[in-house]
Amino acid sequence: MLTFHSERTKKRDAMTELDGGRLVRPFECPERVDIIIDRVRATDLGEIRAPEEYGLDPVLAIHDAGYVHFLERAWDDWSAAGMEGEAIPTIWPTRRMRGDVIPDTIAGEIGYYALAAETSLCAGTFEAAQASTDIALSALDHVMATGNPAFGLCRPPGHHAAVDQYGGYCFFNNAAIAAQRALDRGAAKVAVLDIDFHHGNGTQDIFYDRDDVLFVSLHGDPRQEFPFFLGHADETGTGAGRGFNVNYPLPSGTGYADWSETLDEAIARVHRYQPDLLIVSVGVDTFEHDPISSFRLISEDFTDIGRRLRRAGMPTLFLMEGGYAIAEIGINTVNLLSGFDS
Ligand code: SP5
Ligand code: ZN
């Protein structure tokens with residue numbers, strides 16, 4: 001299958017992630033892309049193409065304009081305010097405070113727009129986020145034009161990003177932006193199947209009251225795992241969207257026997273929906289050696305996931321989300337894609 005890739009995604013190279021009270025080099029680093037693309041080449045998965053540029057219109061079809069323009073200027077404002085490190089929020093509009101007045105200085109704005117503190121803002125973040133979205137949209141257009149599958153090697157990832165919030169390494173919600181474009185270009189129904197280890201809180205929230213996008217997610221139980229405050233099984237959608245949000249929280253230590261049984265259930269739900277397009281939010285942080293996750297999938301399991309997705313028989317767009325076991329991220333990702341192709 002075709003892969004869409006851009007070196008522009010590497011413009012984000014943050015120095016810091018807040019992890020266990022220390023500032024460490026981020027798990028979500030530019031080498032992730034190099035390792036995956038090397039594996040795509042080594043296995044002859046298929047042609048690698050550069051994305052087209054789409055500008056901000058498709059981003060603004062999902063995200064709040066104030067949020068997008070905040071991300072565009074945040075690093076400059078932070079530096080201009082004389083801060084010495086990367087941009088990290090220290091206060092949020094949490095319970096018992098007001099969330100309806102946006103502060104007008106950077107230290108307050110960043111708390112308003114961040115959903116988590118691990119993700120530092122730095123120079124190049126906005127450009128990389130735009131490149132990531134261009135990759136998703138180019139891959140989408142290929143699937144829509146040909147009916148053939150495509151892989152968007154997005155980075156930074158997207159599924160934690162909500163209408164007006166970034167965090168969990170995500171800025172623009174690539175899967176949501178692609179789903180909306182598919183609908184705008186004639187699809188009637190789109191399904192997003194999120195198999196990243198973490199719940200796709202942003203994607204869920206964006207489509208929570210809609211029936212034209214079905215969101216189905218398998219993930220670590222939010223009672224134990226990031227993002228902690230969304231992703232429970234009783235979140236099934238509201239209004240027109242009732243019944244079109246499906247969460248499968250799974251316990252720490254889940255291995256492929258239980259995970260794949262749940263995947264089959266998820267695929268069956270997607271199948272009943274009969275979407276015109278399936279978008280798979282691909283995370284390989286379900287791998288047994290992932291440094292920040294707790295499932296136990298092994299490299300061969302990813303090949304089997306690809307095969308099961310192929311049997312679902314739908315036009316399919318794969319978009320990269322998480323996966324941080326640097327040594328194996330290329331093998332696991334390409335196993336999934338080649339399992340689909342086989
Ligand atoms: C896209 C995606 O996979 N985002 C995940 C964001 C998770 N951020 C919180 C990470 C907490 C890591 N704690 C790990 C402890 C090991 N030192
Ligand atoms: Zn993840």
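Visitor: How far apart do the end C-alpha atoms of residues 28–329 lie, and what share of the span is helix and what share strand?

Guide: This is a predicted model. The end C-alpha atoms of residues 28–329 are 12 Å apart, and the span is 37% helix and 12% strand. According to UniProt, in an unreviewed entry, these residues carry the feature "domain: Histone deacetylase".

Visitor: Which residues of α5 and α6 meet?

Guide: From α5 come Ser132, Thr133, Ala136, Leu137, Leu140 and Met144; they meet Asn174, Ile177, Ala178, Arg181 and Ala182 of α6. By class, this contact holds 7 nonpolar, 3 polar and 1 charged residues.

Visitor: Is the crossing of α3 and α4 left-handed or right-handed?

Guide: The crossing in which α3 passes α4 is left-handed. The axes of α3 (residues 65–80) and α4 (residues 106–113) come within 11 Å and cross at roughly 140°, and these helices are therefore oblique to each other. On the α3 side the contact is made by Tyr67, Phe70, Ala74, Asp77 and Trp78, and on the α4 side by Ile106, Glu109, Ile110 and Tyr113. These residues divide into 7 nonpolar, no polar and 2 charged.

Visitor: Turning to the backbone, which residues does a cis peptide bond join?

Guide: Most peptide bonds are trans, and most residues other than glycine have a negative phi. Here a cis peptide bond joins Arg155 and Pro156, with omega about 0°; Pro156 is placed in the loop between β5 (150–152) and α6. A cis peptide bond also joins Phe226 and Pro227, with omega about 10°, and Pro227 lies in the loop between β7 (213–220) and β8 (245–250).

Visitor: What is the phi of Asp44?

Guide: Phi of Asp44 is near 55°, a positive value in a residue other than glycine. Asp44 lies in the loop between α1 (31–42) and β4 (48–49).

Visitor: How many residues surround ligand 1?

Guide: Ligand 1 is surrounded by 17 residues, of which the closest are Pro157, Gly168, Phe226, Ile292 and Gly322. By class, the shell has 6 nonpolar, 6 polar and 5 charged residues.

Methods
Residues are numbered from 1 along each chain as its sequence is written. Chains are lettered from A and ligands numbered from 1 in the order in which they are written. This is a predicted model: local features need pLDDT of at least 70, side-chain atom pairs count only at pLDDT 80 or more; totals for chains, interfaces and linings use all residues. Two residues are in contact if their C-beta atoms, placed from the backbone, lie within 7 Å. Helices (H or I, at least four residues) and strands (E, at least two) are DSSP runs, numbered from the N terminus. Ala, Val, Leu, Ile, Met, Phe, Trp, Tyr, Cys and Pro count as nonpolar, Asp, Glu, Lys and Arg as charged, and the others, Gly among them, as polar. A residue is near a molecule or strand if its C-beta atom, placed from the backbone, lies within 6 Å of it. UniProt positions are given in the numbering used here, feature names are shortened, and annotations may be inferred rather than shown by experiment. Axes are lines fitted to C-alpha atoms, for helices over the stretch in contact, and angles run from 0 to 180 degrees between N-to-C directions. Angles under 35 degrees count as roughly parallel, over 145 as roughly antiparallel, 65 to 115 as roughly perpendicular and the rest as oblique. A crossing is left-handed if the near helix is turned anticlockwise from the far one by less than a right angle, and right-handed if clockwise.
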